[in-house]
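This report describes a strand arrangement, the helices across it and a set of aromatic ring pairs. The chain is shown first.

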Amino acid sequence: MGTIYCYGNGEILWKVFNGVALIFGGASFMQSMMAITSVVGILWATTRIVFGESLGIFSRTWLIPTFVIFNLFFLPKTTVHIVDKVDPSFRYSAVDNVPVGVVFFPALASLLSYVVTDKVSQYMSPANDNS
């Protein structure tokens, strides 16, 4: 889904995304994280309700948005493609099982900078350059 263009140090990006994939790739980590956050959330919600907070307001302002954001950004997994335009020893690599929320924004920023850089180098080349 996401392609990240870089100009050097693509191997470092590959290592970073591999680390993220190791953290979020296993079902056991996600189940543990969901269990811990659910227990903490339920305890906090119970405390808030006991001390006078309405359950309807609580669910609209915290529970539902948190649930939706987590399910949209961290549960679906995708493949991130890393393309290094400078380093001849590291041209391309792919990393699987990276959450969409972690890949989407860096890939969007990378694509924007890649397109701008390509257009600038295309139109700002010297007049006697035939390439």
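## Sheet

Ile-4 has Ile-82 in β2 as its bridge partner. Strand β1 and strand β2 (residues 77-84) pair in the parallel sense over five bridges; strands count as paired if DSSP finds at least two bridges between them. Helices (H or I, at least four residues) and strands (E, at least two) are DSSP runs, numbered from the N terminus.

The open sheet of three strands has the order β1-β2-β3, with mixed pairing. Its edge strands are β1 and β3 (92-99), each pairing on one side only.

## Model basis

The model is predicted: local features need pLDDT of at least 70, side-chain atom pairs count only at pLDDT 80 or more, and totals for chains, interfaces and linings use all residues. Residues are numbered from 1 along each chain as its sequence is written, and side-chain values use heavy atoms, with hydrogens and water left out.

## Aromatic pairs

The structure holds four aromatic pairs. Rings of Phe, Tyr and Trp (its six-membered ring) pair if their centres lie within 6.5 Å; planes under 30 degrees apart are stacked, over 60 edge-to-face and the rest tilted. Tyr-5 and Tyr-114 are stacked, at 4.1 Å centre to centre and 10 degrees between the planes. This pair links distant parts of the chain, with Tyr-5 in strand β1 (residues 2-6) and Tyr-114 in helix α4 (residues 100-123), 109 residues apart.

Phe-104 and Phe-105 form an edge-to-face pair, 5.0 Å centre to centre with 80 degrees between the planes. Ring pairs join Phe-73, Phe-104 and Phe-105 into a cluster.
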